[in-house]
Amino acid sequence: MNKVEIEKSFKAGKIMSRQDIFDIARSVDDTFRDTLLRNLIEELMSSGTITRIGRNCYIKMPDTQNHKKIYNGMYSERAKKLIQTVGEDFPLLDFQVWELRWLNEFLNHLVGENIIFLDIEKDGCEFVYEELRDKYDGELLLKPDAEQIYRYGKDGTIVIGRLVTEAPKGDAKASVPLERIMVELEANKVLRSLISTGEIPQIIRDMYEKYQVDSVKLLRYARRRNKKEVIMEVLGDRIMEK
């Protein structure tokens, strides 16, 4: 089995089934047998050549992502203070903080008022809300809907929500990777109420073109949020071969 030549035959970004991998291996080596497929897939996954993103679903990462910039959302002083406060007061909780104004880099119609999203693991939302309410009197909203955001949201409002299980994490404490923001643009109803939804597909494409995006991380979280097909449709052949 010539694993090196088989690897060369994989196309970056293409989503493959086990049968696809077998067909590729067989096209390289006509002596390849289905009894070797399991070992081949395990070796390819161990080496990082392919990654499983679902049942019978594998992908090779696009090499073209490597030259792009790494996205780092710049926190406002208010958000930095919030991260410090939550980290000190609730050291055992997982949480992430991100800001609406980060999207201004990609929007045609810029947002004037900034909303700070504080997403907290599991059932910690109510507890954290009660503990922070005195420090941020009148500036906190707990799991609001779009109408509540419209009525009570203002510049600097902190929106407390639940951190979805398996949400991708950034490199720094509480940071949010671009892959998560891309999915939230399609999945987060509160976020969608704050911007022009007609711009969202192009925003996602611009993010993918400008910055490094881990396609595996993106699609895994999109599937968790039931938006995998939407994200794949928006990105088209940028993320996979038709």
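This note goes through the predicted model point by point, from the whole chain to single residues.

1. Overall make-up. The protein chain carries 11 helices and 7 strands. Its C-alpha trace spans about 70 × 40 × 30 Å along the principal axes. Of its 242 residues, 48% count as buried.

2. Contacts along the sequence. Residues 24 or more positions apart account for 67% of them.

3. Surface and charge. The accessible surface of the protein chain is about 13,100 Å². Carbon and sulfur atoms hold 45% of that surface. The chain has 40 positive and 42 negative charges. Their mean positions lie 3 Å apart.

4. Aromatic pairs. Phe90 has a relative accessible area of 7%, so it is buried. Phe127 has 47%, so it is partly exposed.

5. Aromatic cluster. Which residues do ring pairs link into a cluster? They are Tyr71, Tyr75, Trp102, Phe106 and Tyr211.

6. Met16. This residue is in strand S1 (residues 15–16). Its relative accessibility is 2%, so Met16 counts as buried. Leaving aside residues up to four places away in sequence, Met16 touches Phe10, Ile21, Ile24, Ile50, Asn56, Cys57, Tyr58 and Lys60. For a distance check, take Lys69, which is 53 residues from Met16 along the chain. The C-alpha atoms of Met16 and Lys69 are separated by 27 Å.

7. Helix H10, buried side. H10 covers residues 215–224. Its buried residues are Ser215, Val216, Leu218, Leu219, Tyr221 and Ala222. What covers them? Among the covering elements are S1, strand S2 (51–54) and strand S3 (57–59). H7, helix H9 (200–210) and H11 also take part in covering the buried residues of H10. S1 is the strand that holds Met16.

8. Helix H10, both ends. At the start of H10, a side-chain oxygen of Asp214 comes to within 3.0 Å of the backbone nitrogen of Val216. Just after H10, Asn226 takes a positive phi of about 60°. Asn226 lies in the loop between H10 and helix H11 (228–235).

9. Positive phi values. Most residues other than glycine have a negative phi. Two residues here deserve a look on that account. Asn226 is not a glycine, yet its phi is positive, about 60°. Ala174 also has a positive phi, near 70°, and is a residue other than glycine. Ala174 is in the loop between strand S7 (157–163) and helix H7 (178–187).

10. Cover at those two sites. Are Ala174 and Asn226 buried or exposed? Ala174 has 7% relative accessibility and therefore counts as buried, the cut-off being under 20%. Asn226 has 68% relative accessibility and therefore counts as exposed, the cut-off being over 50%.

Notes
Residues are numbered from 1 along each chain as its sequence is written. This is a predicted model: local features need pLDDT of at least 70, side-chain atom pairs count only at pLDDT 80 or more; totals for chains, interfaces and linings use all residues. Side-chain values use heavy atoms; hydrogens and water are left out. Helices (H or I, at least four residues) and strands (E, at least two) are DSSP runs, numbered from the N terminus. Buried means under 20% relative accessible area, exposed over 50%, partly exposed in between (1.4 Å probe, protein chains only). Contact means heavy atoms within 4.5 Å. Accessible areas come from the Shrake-Rupley method with a 1.4 Å probe; for residues, only the protein chains shown count as cover. Lys and Arg count as positive and Asp and Glu as negative; His and the chain ends are not counted. The place of a charge is taken as NZ of Lys, CZ of Arg, CG of Asp or CD of Glu. Rings of Phe, Tyr and Trp (its six-membered ring) pair if their centres lie within 6.5 Å; planes under 30 degrees apart count as stacked, over 60 as edge-to-face and the rest as tilted. A polar contact is a pair of N or O atoms within 3.5 Å; within protein, one must be able to donate a hydrogen and the other to accept it, and residues adjacent in sequence count only if both atoms are side-chain atoms.
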